[in-house]
Every structure is written in C-alpha cells, then in structure tokens.
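Let's take a friendly walk through part of this protein model.

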Amino acid sequence: MIFHGKPVPSKLQIAQGLVILFFTLLSADPAQAQPAFKQQIQNLPNPLKDSRSFVYDGAGLLGNRKADIDSLAKAMYEAGGAQIVVVTLESIGDASIEEFAVELFSHWGIGEKEKDNGILVLHVSGARQIRIEVGYGLEGVLPDAKASWITGDVAIPFFKDGDFTSGHYYLMQSLLRVLLNPRASRAQIVEIKETIEPGTRINPDQIPEQSYLSSTEERAERKKREEDKQSGPEWMSISLMAPGYIPGLWMLFGIIRRFGGLRDSDLDGKEKYDTIDDAILEYSGAPLLLNVGIIATEIGFVGSFWSAILLPLFVGGGWIWQESHLKKFRQAPRKCSRCNNKMRKLSEEDDDAYLEKGQVAEENAGTVDYDVWVCDCGNVRIERYKSPGSQEPCPSCNYYTYELSETRTVREPDYNSAGKGEKIYACSFCDYTRTEPFEIQRLKREDETVSGIATGLAGAAITAALYEVRHGSHSYSGSDSYSGSGSGGESFDIPDDFGGGESGGGGATDEY
Ligand SMILES: [Zn+2]
Ligand SMILES: [Zn+2]
C-alpha cells in the first residue's frame, strides 16, 4: 500500500467494527430458550420425595440389587454421612451428562443444605455414560480422582460384561468405603467386596468428622472457585476486551477533553473543526486497537452480552456525536476577516470557480473537500477538508489525486512457483504513473489442501471414536438455590463396545 502517516479512524473501520459486533450480538443470544433436558428434569419423579427412596431406576439397570442399593444409601443417609442418590436413565437427549447431572442435583436438592453432602450417581444407558456428581461438602473426601477410580475400576468392568446390576452394587459399596474411611488406599477403595451388608445400620460414630467440610467458609470458598471456573469464558472476554476498551476510552476522553477546551474559545468554525480533527488524528491508533479488541472478544467468547451491548453504543454513539459536532463547526457562520460581516458559503458547483484545477481534481477524486466562503466586500476564504484515509499526494503535482488505478497479472502462478503482478498507481490530474511489482502466491494442489483437512478430520474422528475421560469436569449451577447444594465430580464415557471404560481397550461385545 502507498498509504503513509498515521492511520485515520475511517468510517470503514468503524463500520467493520459495528458489523462484527452485530454478529457478536446475534451469536450472544442472551435469551436462550430453556433446553429440553431441563424440561425432562422437571418431569422426573423425585424418589426422595415421592417414595422416600434413594434410587430412580428409569433404565431398569439395577435388577434384583435395586432394594440393596437403596438400603445402603439409606443407611449412609441415616448415619449422617451423605445423601447418595442413584439415577439410571435411557436418554438425556442432547444434553451432556455433566450439565444434566448438575441440573438434576440442584433441582432435587441432593444433600443436606448445611453439609452439602450429596452424591448423585447418574447412569445414562443410551449414551453408555456414568457420572458421579459430588456435592461441595464431600469434595475433600471424594475428590475427582477417587470418583474416577470408582467409576473406572469398579463399575466399568462390570458394565463391560453387561452386568449393570453388580456394577452399581459394588460402586455403592466403594462409595460407602470412601465415606467411612477417607484415608483408604486406591486398592482398598476399588476392591470388589461388601463392606456394609444391605439392611444393616451404620453407626453415626463410624462417620469420620471430615466426611464433609465442616466450615461454611471453606464451602463458600470452594463454591466460589467453582463459579469462577465456570464463568471463565466471560471473565476471559473482559480481559480480552481490555486492548479494545482501554485505548477506546483513552481516545474518547482525549477527544471529549478537546471538545471541552473549545467551549469558551473564540475560535471560528474551521479552527474548531481542525482542533477536533487533529485530536482524532492524535488518538488514531485507538480505533484500530478497538477493532482488535472486538475481534478478540469474538474469538474469546461470543456470548458476552454486555460487551455486545456496550461496545456498539460506545463506538457508534461516540462516532455520531463527534460527526454531528464536526458538521456543526463546518457550517457555523464565518466572519469576514476584512469587514467583520457574515460570509456566505458557496455551493459545491459554484465554488469550483474559486479553486485551482488541481483542487477541483481532488474534489472529484473525493480525497479533499473545499468550502468557499465569500463576502460582499470581495473577500474570499477557502477551507480545506481532507477525507479520512491519508493516501500519499502525487509525487509529481502534489495533489491528492494519486490512486491505485489498475492491478494486473504479469505471470500466472502455477503449482511450482509464485506468479508476478503489477499495481499501477496513476494521478488523475497530471497523468503521472508508477508501477509496483508484487508476488502472487503459488497455487496449492487440491490434495495438499485435502490432505490437510483430512489429517485434521482423522485426528478429530480418532479422538471422538476413542473413549473419553473428562477430568475435573467440575460444575456448579447457580440458578437454583433449592438446597444450596452444588457439585463437582468425575464422569466417564463408556465406549460403544464397552471396550474398557477408562483404559479404552478393545472388545467386541455389543450389549445394546
Ligand atoms: Zn468582508
Ligand atoms: Zn499529479
């Protein structure tokens, strides 16, 4: 490009910014409809309420162990250790098991409010996924790693054999072991054995004090950390916004300050116009950065509602305000420097008679606009307004009539070498021309492009096809305070062939 000097904030840049913001706004969609899975949760019968049970076996996986599992959960609940709820469902629609678990946890209010000691075991048979969702109060005793041992080492091997009933039964036994002995080793936790016989009571004295976090502050802190983690994207967008906001504000206040300085001045319209125009030039780096900030937001997080609302107001409003003032300055009556009478502004057609031919050419090129004010005493005043976007003046005649007139290909690029092109700049006033050579990128073979895409797709497909272990998929939903319980936990996707859960090993059994 032939441009030089400071970039002036052009209307084009602002328009670009606004277009990006418009799409940001569209994609933000703050009033999203309630997802279908929330409806499903609303309709699920709460076993805790309806049947005083701790089990909802919607997918019918618990078989003859259903009563045992229920009684073990009940024993732990009555001893004050934890409220364990086991839910099996065939489908949760399009929802992820994590979001479903969090929502269900909070909707049913699993766990006691004071202790936040709920545990939800959610098994979605259609998706072949199981998740242990843990209330905040129990995260010390049952951290993600231990939850993942229980799902991966205890339940999944049974599930792999199609024995959901035993898988769930021994999963419950393992949960009880952890709750009764937080210091148990991995081997002790995942051992397949009956620690508590169904139907027996658990002595409350057996429940270690540290089974739940005793201090409310500690729980609150934990919850806050989870919330912070959850609101990460939004938080990130604000930090990404900083490169946009800070120079934007700096520019805005700089220009406003300049406007303020004009209030009591005795400058005429043209002098005021130039003062503001200079200020814009001085702060001209900012709009570019503002755009960068907006794009960064787009990439960082599309759903930032406030940035989508505030920025168009900020940029668009500021721009309109500034332009209207500049227009006012430009139209303000001028006083004749000779006789002090009011001058008269000529129309664009009439003013050509007072301009040099080069100036008329500049007006025709749209790069500079001239206002001609005349006085009855014969005094003439010519004011010059340069359009935003500072291209170079013609090296020959010095008028701003020098533009790119043609781009042409000298040699076509092929698959082996780059091509050559020429940009021809010409002056529309004095006919000066200059030719600048440039390179045209080498052609890419279809297979080069395709193989690149294929590699990416294959990688994604392999990743998706293999088992999936989501570590530390903490979640917290602040939308429901029914029980004050939040949750965190660990989930495992069981591969389609039940080929090894955590390890992702082979296997050909197709149970469903
Ligand atoms: Zn005059
Ligand atoms: Zn020229």
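Lys357 and Asn364 are exposed on one side of helix α15. On the other side of this predicted model's helix, Gln359, Ala361 and Glu362 are the buried residues. Looking down the axis of α15, you will find these buried residues within an arc of 155°, so they line one face of the helix. What do the buried residues of α15 pack against? Their packing partner is strand β6 (368-374).

Now follow β6 into its sheet. The sheet is open and built from three strands in the order β5-β6-β7, with antiparallel pairing. Because β5 and β7 each have a single partner strand, they stand at the edges, and one side of each is left without a neighbour in the sheet. Seven bridges join β6 to β7, and tryptophan 373 stands opposite arginine 381 in β7.

| Element | Residues |
|---|---|
| Helix α15 | 357-365 |
| Strand β5 | 344-345 |
| Strand β6 | 368-374 |
| Strand β7 | 380-386 |
| Helix α6 | 144-160 |
| Helix α7 | 164-180 |

Finally, turn to α6 and α7. Their axes come within 8 Å and cross at roughly 155°. An angle over 145 degrees counts as roughly antiparallel, so that is how α6 and α7 lie to each other. Their crossing is right-handed. Among the residues making the contact are Ile150, Val154 and Phe158 of α6, and Tyr170, Leu171 and Leu175 of α7.

Terms used:
Residues numbered from 1 in each chain as written. Chains lettered and ligands numbered in written order. Predicted model: local features only at pLDDT ≥ 70, side-chain atom pairs only at ≥ 80, totals over all residues. Buried ≥ 20, exposed ≤ 12 C-beta atoms within 10 Å, placed from the backbone. Helix = DSSP H or I, 4+ residues; strand = E, 2+ residues; numbered from the N terminus. Arc of directions from axis to C-beta. Contact = placed C-beta atoms within 7 Å. Pairing = 2+ DSSP bridges. Axes fitted to C-alpha atoms, helices over the stretch in contact; angles between N-to-C directions. Parallel < 35°, antiparallel > 145°, perpendicular 65-115°, else oblique. Left-handed = near helix turned anticlockwise from the far one by under 90°.
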